[in-house]
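Subject: Structure handover

Hello,

Here is the structure we discussed. Please look it over before reading my notes below.

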Amino acid sequence: MNYEAVHKENNMSTNQTEILQAKRRARDYWSIDGLPTIFHALAWLMLAGMLNIRRGTGVVVATMVVLCVLTLLMFLAFRETEIIQRLKARTTYPRTGYVKPPELDTPSSLISLSITREPTPEEAEAQGLQQNSKLNSITRILSLAQKISFQPLFVSALIINRSTGSILPQAAVMILMGVSSLVELRKNKLAWIDVIGLVLAGLAIAFLPTSPYDRINLMFLTPGLVLALRGTLTFLYYLRRNPVVQA
Amino acid sequence: MTPGLQELATLDRLIHEPARLMIMTVLYAVPEADFLYLQRECGLTQGNLSSHLAKLEEAGYVTIIKTFKGKYPLTICSLTKKGREAFEEYVRKISVVNGSQKAEVRS
């Protein structure tokens, strides 16, 4: 067999790049229908709605509402996968099938198959993925800590705001939440519509003649609306492109 | 004949068939996938995929579980430990052949 024939054989055969691509496609498949985006939009809009109840309400009522909304958000955050999977079972799986997304922190044992040779670009990519998985586990721990710590932090900030009239603690907590949400968004790659939405939000926050409170509210409302729009468009496009497969 | 080329003779023929190789690659990359997902990923017809999966299941490389998600029936496929090991061995052999052939061409 000559080299060309073997090379052709190898092209046909599988390698690390193909496995990595299959993994990436399976991971991207989770957001193919826009349902996770709609879910995230709901969280942002709930936060924005929560901020709107402050006027004309007492400390007790406001604190109760904030606690209820944050508890609900925490519940949604911890049950996110389960809830989205229930929705997907009705919409996505009958159309384009089901796949369990691969974990990032279980690198393929194929990475260690040829350590004596100079790493090929595919192997370098695989090693990069392995390093990313370490970063990913750190991000997950931070994300969990953040989910647990936000509730008391936010309530404390609200109490300080009611007693002193300063919005600085609340602004600090919200900026922290915004940054962590952006990190989450970045992991799923930002779409152009997100970038435009964030720029519009920035402009609105900077130039609209509103109170600082309303500006903070905009910080939640705008990304929520942008994500809701993107998620809905993706969902509708997905439904149109993929009719239910008849058995 | 180079030692690398000799590895070609010992390749697992069950995996070496292109359609089954695609199925094995997809299943190696994910914990589990259903029939429809595999069909879309591999671009195979229902009958074709079904017969290849049956062969892989017979060899003990793939587990097939028929279940329901709500009202929707799911045929979930996943690689067994044996299947994973066989696939890794196959890729290792191909890599050896690839490496030795490249070295031969360079020299």
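In which helix is His52(B) found? His52(B) is found in helix H5 of chain B, where helices are DSSP runs (H or I, at least four residues; strands are E, at least two) numbered from the N terminus. His52(B) counts as buried because its relative accessibility is 8%; buried means under 20% relative accessible area, exposed over 50%, partly exposed in between (1.4 Å probe, protein chains only). Beyond its neighbours within four places in sequence, His52(B) has contacts (heavy atoms within 4.5 Å) with Glu17(B), Ala19(B), Arg20(B) and Ile23(B).

This is a predicted model, in which local features need pLDDT of at least 70 and side-chain atom pairs count only at pLDDT 80 or more, while totals for chains, interfaces and linings use all residues. Side-chain values use heavy atoms, with hydrogens and water left out; residues are numbered from 1 along each chain as its sequence is written, and chains are lettered from A and ligands numbered from 1 in the order in which they are written.

On confidence: the complex has an ipTM of 0.83 and a pTM of 0.67 from the predictor. Chain B has a mean pLDDT (the predictor's confidence in each residue, from 0 to 100) of 86, with 87% of its residues at 70 or more. Within chain B, helix H5 (residues 46–58) has the highest confidence, at a mean of 94, and helix H1 (residues 3–9) the lowest, at 71.

In chain A, the buried residues of H4(A) are Ala62(A), Thr63(A), Val66(A), Val69(A), Leu70(A), Leu73(A) and Leu76(A). They lie on the same side of H4(A), because their arc around the axis is only 155 degrees, taken from the directions from the helix axis to the C-beta atoms.

Regards
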